[in-house]
Amino acid sequence: MLLSRLADVSGEVAAASARSRKTALLAELFREAEPDDVPIVIPYLAGRLPQGRLGVGWKVLSNRVPPAAESSLTVREVDARLTELGKLSGPGSQAERARLVGELMGAATEGEQRFLFGLITGEVRQGALDAVAVEGLAQATGAVAADVRRAVMLAGSLQTVAQALLADGSAALDRFRLTVGRPVLPMLAQTASSVAEAVGRLGACAVEEKLDGIRVQVHRDGDMVRIHTRTLDDITDRLPEVTSAALELAGERFILDGEVLSFGADGRPRSFQETAGRVGSRVDVAKAAQEVPVSPVFFDALSIDGRDLLDLPFDARHAELARLVPEPMRVRRTLVAGGEDIAEAEGFLAVTLARGHEGVVVKALDAPYSAGRRGAAWLKVKPVHTLDLVVLAAEWGHGRRTGRLSNLHLGARNPDGTFAMLGKTFKGLTDALLTWQTERLQELAVEDDGWVVTVRPELVVEIAYDGLQRSSRYPAGVTLRFARVVRYREDKAAQEADTVETLLAAHPEVRP
DNA sequence: TTCCGACAGTGGGGTCGCAAT
DNA sequence: ATTGCGACCCCACTATCGGAA
């Protein structure tokens with residue numbers, strides 16, 4: 001298949017607003033694909049590269065190359081070239097990668113270049129990713145969409161399922177069962193604003209500690225242990241303590257879901273930054289493990305002794321978990337009967353926060369494990385802080401925000417009346433607010449370099465955030481975690497905005 | 001007819017490892 | 001030794017479509 005065909009369809013998908021139309025377009029193309037094209041065409045149209053990482057990003061791609069007049073590239077040729085490119089390493093590899101990218105782009109027409117750019121940077125922006133591709137695949141093969149989706153969750157890969165499905169038809173879907181050693185997409189949580197709201201929505205539930213670390217799925221089959229992240233990357237080699245912990249458990253075959261984090265000598269959890277740095281260390285793992293040891297804390301069991309537990313209700317899965325995993329390695333929790341038990345749940349949240357954790361996750365006792373879904377059966381509750389900050393500048397947006405000022409630079413007051421930038425945010429803005437702030441900020445503009453519009457520091461905005469973290473980038477030595485706009489405070493003057501001093505005082509645990 | 005679940009889009013900060021400077 | 005870049009952890013929120021109620 002020609003790349004130009006793919007690029008054209010991607011463009012049509014982007015232009016279509018109805019999801020059903022997007023699905024139909026993808027299905028048509030999947031039917032056209034020859035068997036050898038399938039493992040390439042399917043991920044490409046789901047906006048992903050089969051190779052995963054290439055070592056090529058926005059920077060290399062932004063070196064413009066004149067496009068070819070005629071399309072000649074096939075998808076298989078593109079795939080072969082990208083595979084070669086991804087293998088490069090060592091001195092001179094970056095220049096060689098850039099050269100190969102230039103060669104590829106030079107062989108591509110303008111439309112193909114656009115498509116390749118989006119594909120490689122992971123920003124196809126066609127309004128269709130995995131979920132729509134699954135629908136299209138089901139439509140192309142006559143399979144039931146829900147069955148395809150389930151197979152993809154269990155295989156952890158759309159591509160694998162697509163190949164089997166196109167080769168052998170719907171019957172192939174039965175082959176994708178939960179298997180120890182093969183990671184499945186983890187179940188995710190939605191956000192609730194309070195424990196009362198969460199318990200109100202769920203009824204009988206468990207309230208569990210929300211630990212601020214790295215999500216892991218641990219598979220053990222005899223002596224073999226594999227550890228996977230949320231995106232199913234294999235990080236076994238980086239976490240020897242977790243492997244040991246899994247081998248100590250009194251079970252030969254299991255899949256457990258949990259969080260890995262580091263505790264200090266005082267027993268309190270280290271900051272997310274410290275845990276994430278440790279888990280990210282790959283070169284001298286022994287040294288990293290000595291300095292920042294990590295522990296797994298499990299909260300769910302997907303499989304034990306060959307029994308698939310996914311469809312069991314959570315209370316039954318937890319009973320299995322409790323039989324296998326002793327308490328320090330199992331998350332702390334409390335059971336709540338329903339709305340009349342709010343005080344118990346709120347007390348548990350308070351204790352959890354006092355112990356230094358992030359918040360709680362409220363989980364319905366009757367819900368199955370919905371692999372790969374961000375369902376309403378798990379609701380996370382974290383305390384939210386707010387500040388009144390001053391807008392120092394704003395950046396022009398991209399995509400559907402093109403032509404609007406989007407990303408705000410936020411400042412807190414210094415003692416001398418100047419402002420210290422604490423970070424940026426683009427979250428929480430409605431279309432109406434985007435329009436309003438674009439106009440208002442341009443009235444205050446003192447400079448526009450085409451990317452950042454610097455403004456007079458007069459506009460006050462209320463910002464919600466989850467906490468402070470240390471920063472080497474910003475002048476106060478700290479930055480806000482997960483900052484988002486709540487509302488503008490036109491009733492407030494910049495001189496009434498919050499100060500760096502009060503911010504630091506509110507988070508004594510974070511010393512810049 | 002209205003409501004709501006699921007998705008995609010729009011980017012945030014930090015850290016590590018590698019290659020280039 | 002330092003810097004720039006890519007990959008990958010953590011993530012909030014809004015708009016939209018289309019099926020459920």
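The residues of the surface near DNA strand B, where near means that a heavy atom of the residue lies within 4 Å of the strand, divide into 10 nonpolar, 19 polar and 12 charged; here Ala, Val, Leu, Ile, Met, Phe, Trp, Tyr, Cys and Pro count as nonpolar, Asp, Glu, Lys and Arg as charged, and the others, Gly among them, as polar. The model is predicted, local features need pLDDT of at least 70, side-chain atom pairs count only at pLDDT 80 or more, and totals for chains, interfaces and linings use all residues. Residues are numbered from 1 along each chain as its sequence is written, chains are lettered from A and ligands numbered from 1 in the order in which they are written, and side-chain values use heavy atoms, with hydrogens and water left out.

In total, 41 residues surround DNA strand B, the closest being Arg125, Gly127, Asn407, Phe426 and Tyr474. Of the atoms of DNA strand B that come within 4 Å of the protein, 89% belong to sugar and phosphate.

S12 runs antiparallel to strand S11 (residues 385-396), to which 6 bridges join it, with alanine 394 opposite leucine 408.

Notes
Two strands pair if DSSP finds at least two bridges between them. Helices (H or I, at least four residues) and strands (E, at least two) are DSSP runs, numbered from the N terminus.
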